[in-house]
Amino acid sequence: MSRLSRRPVPLVAATVAVLLAAACGSGSGSGGGTSSSDTPVSGGSLTYAVDTEPVSWDIDVSQQDITGSIQRNVFDSLVYQDDKGQFHAWLASSWSVSKDLRTYTFHLRKDVTFTDGTPFNAQAVKTNFDRIVDPATKSQYAAGLLGPYADTKVVDPYTVQVSFTKAFAPFLQAASTPYLGFYSPAAIAKYGSKLGAGGPADVGTGPFVFSSYTKGQSAVLTRNPKYSWAPATDAHQGPAYLDKLTYRFLSQDSVRVGALRSGQVQVAKSVPPTDVKTLTPGSGLTVISKQAPGGVYNLVLNASRGPFTDQRVREAVQRGINVDADVKSVYFGAYQRAWSPLSPATVGYDSSLTGTWPYDPALAAKLLDQAGWTGRDSSGYRTKDGKRLSLVWPLMPQNLVSQQHDILGQAVQADLKKLGIQVERPRQDVGTFVKQLFGGKDDISDYSWARADPDVLRLYFNSAETPAKGGANGTFVKDPDLDLWTEQGQTSLDPATRAKYYTQVQKRALDLSLVVPMYVVSSVYGASTHVHGITADANTWLEFHDAWLGK
């Protein structure tokens with residue numbers, strides 16, 4: 001879940017490209033005035049239906065994509081990463097990187113203000129970065145993006161140096177993400193831990209102001225009338241065209257798509273495969289789909305507990321799930337089956353892994369026999385020393401389940417039951433889910449992790465990146481090779497050198513059977529053809545600064 005950027009050195013070449021175009025017409029919401037089909041107009045309200053809701057709105061704390069994608073409209077970054085992986089000036093007008101990759105110097109714009117009227121300056125950068133690494137903040141992701149952070153030095157009011165204890169090539173890309181965006185220091189001092197509640201306390205420098213939040217229903221953003229510091233890649237530099245941007249939280253696919261068809265919303269996220277073909281320009285609607293970079297949707301196997309401490313059991317699960325059939329049956333061919341934990345849309349992806357671990361239930365059964373799970377109980381499940389082979393894979397609360405993962409999970413359960421493996425799927429509240437995950441109490445967890453940089457593999461497999469510390473290493477494995485290669489990948493800006501390390505990481509993770517890559521995540525949006533100017537960033541998240549409503 002995330003995205004980022006960095007600078008003058010093109011180390012990342014995200015292949016994600018995306019441009020939501022559209023024609024114009026009469027605004028299905030409350031669109032702006034008349035216009036030609038290609039002339040933006042100001043005014044109007046756009047409503048965007050999303051499938052999940054942030055657990056926390058605090059960008060320094062949350063690790064959810066939904067938090068970052070919404071807050072992107074409220075919080076700017078030092079640099080901007082385009083859909084080609086290139087970096088551009090944003091809040092920083094220029095920057096330089098030391099040869100040892102340990103110090104990044106940013107020269108800041110002098111005309112930027114937070115929406116509370118206070119200036120954005122070097123001290124604001126320091127205040128935010130120091131807050132992120134403060135253990136009291138309990139950052140679940142942003143702290144990981146700062147890696148081996150040492151400190152931030154205020155050189156002068158508009159020059160700042162960010163230093164690391166060792167080479168840290170991924171920083172520029174990390175600095176482009178909303179998770180390393182900037183709160184007003186005054187807001188941090190006033191609201192502190194209450195920033196997670198969202199609403200007017202969220203004070204940034206972005207093109208929209210977070211005006212209100214109604215839990216379980218919607219979040220309302222309104223135009224920042226003073227905004228004039230968009231990245232040069234944007235189509236215009238002034239305030240956003242839209243008066244209001246509303247996010248509605250509609251977790252059920254049918255409700256979300258129904259709202260799009262009826263015109264209650266103008267854009268909808270995560271259009272289910274069964275509806276994709278019905279949304280056509282002829283119907284006044286269109287679909288945009290793009291593979292996301294970063295981690296694919298993986299089943300992450302916890303190698304630190306229970307049956308999964310035996311690699312043969314992990315491999316049996318990896319080879320005993322009919323990934324091809326399961327993904328096709330649930331997604332009707334809309335999503336590509338995955339062979340690596342890394343998305344093909346990410347630099348460093350190892351395409352040679354394709355076909356290297358096909359479905360092989362006979363091999364899976366043989367591995368389980370070798371591991372000693374040879375008995376059977378009255379329900380047909382395998383046993384060993386009188387104990388059933390049972391795995392725990394919790395379900396998140398229904399309103400946080402996206403892309404039919406619960407349905408795909410049922411197919412996986414059925415595959416493994418054929419092998420004599422029981423998979424328990426208790427439905428948990430958010431608090432319990434997080435506590436169990438962070439504590440390594442479950443056997444399987446499942447997630448993707450959007451990020452336009454292969455450094456995402458460090459979060460998955462480096463032993464220092466435990467969930468409790470904000471990482472994503474749900475394998476809880478400590479493998480010297482994975483630690484070494486994910487750290488070496490941080491020491492160079494050369495794409496070929498980085499690809500060498502990250503290729504080794506992908507193969508090693510599969511050889512150890514630490515993950516079962518299921519499918520390559522694609523962002524699939526439905527939109528009214530009256531909507532114009534929506535773009536997507538390197539993570540395939542929609543951006544609304546240039547968006548406008550036509551007639």
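Colleague: Where does Gly380 sit, and why is Gly380 called partly exposed?

Modeller: This is a predicted model, and in it Gly380 lies in the loop between strand 14 (375-376) and strand 15 (382-384). Its relative accessible area is 30%. Buried means under 20% and exposed means over 50%, so with 30% Gly380 falls in between and is called partly exposed.

Colleague: What separates the C-alpha atoms of Gly380 and Gln370?

Modeller: They are separated by 18 Å, and the two residues are 10 apart along the chain.

Colleague: Let's do Ser351. Why is Ser351 called exposed?

Modeller: Ser351 has a relative accessible area of 51%. The cut-off for exposed is over 50%, so Ser351 gets that word. Ser351 is in the loop between helix 9 and helix 10 (361-370).

Colleague: Now Tyr227. Is Tyr227 buried or exposed, and how do you know?

Modeller: Tyr227 has a relative accessible area of 2%. Under 20% counts as buried, so Tyr227 is buried. Tyr227 lies in the loop between strand 9 (218-223) and strand 10 (244-249).

Colleague: What is Tyr227 in contact with, leaving aside its neighbours within four places in sequence?

Modeller: Its contacts include Asp76, Trp90, Thr205, Pro207, Gln237 and His545. As for Trp393, 166 residues away along the chain, its C-alpha atom and that of Tyr227 are separated by 46 Å.

Colleague: Trp90, Pro207 and His545 make me think of the cavities. Which residues are closest to the centre of the largest cavity, and how much space lies in that cavity?

Modeller: About 130 Å³ of space lies in the largest cavity. Of the 14 residues that line the largest cavity, Trp90, Pro207, Asp234, Glu543 and His545 are the closest to its centre. The lining divides into 6 nonpolar, 3 polar and 5 charged residues.

Colleague: What makes a space a cavity, and how many are there of 30 Å³ or more?

Modeller: In a cavity a 1.4 Å probe fits but cannot get out. By this rule there are 6 cavities of 30 Å³ or more.

Colleague: On to helices. What makes helix 9 and helix 11 a pair?

Modeller: The axes of helix 9 (residues 323-331) and helix 11 (residues 405-418) come within 10 Å and cross at roughly 145°. The crossing is right-handed. Among the residues making the contact are Val327 and Tyr331 of helix 9, and Leu408 and Val412 of helix 11. By class, the contact has 7 nonpolar, 1 polar and 2 charged residues.

Colleague: Which residues of helix 14 are buried, and what do the buried residues pack against?

Modeller: In helix 14 (residues 480-488), Leu482, Asp483, Trp485 and Thr486 are buried. The buried residues pack against helix 13 (456-461) and helix 15 (495-511).

Key:
Residues are numbered from 1 along each chain as its sequence is written. This is a predicted model: local features need pLDDT of at least 70, side-chain atom pairs count only at pLDDT 80 or more; totals for chains, interfaces and linings use all residues. Side-chain values use heavy atoms; hydrogens and water are left out. On a 1 Å grid over the protein atoms alone, a cavity is a set of points where a 1.4 Å probe fits but cannot get out, and a pocket is an open set with protein on both sides within 12 Å along at least five of seven lines; lining residues have an atom within 4 Å of a point. Grid points are joined across faces, edges and corners, and a volume is the space filled by probe spheres set on the points. Ala, Val, Leu, Ile, Met, Phe, Trp, Tyr, Cys and Pro count as nonpolar, Asp, Glu, Lys and Arg as charged, and the others, Gly among them, as polar. Axes are lines fitted to C-alpha atoms, for helices over the stretch in contact, and angles run from 0 to 180 degrees between N-to-C directions. Helices (H or I, at least four residues) and strands (E, at least two) are DSSP runs, numbered from the N terminus. A crossing is left-handed if the near helix is turned anticlockwise from the far one by less than a right angle, and right-handed if clockwise. Contact means heavy atoms within 4.5 Å. Buried means under 20% relative accessible area, exposed over 50%, partly exposed in between (1.4 Å probe, protein chains only).
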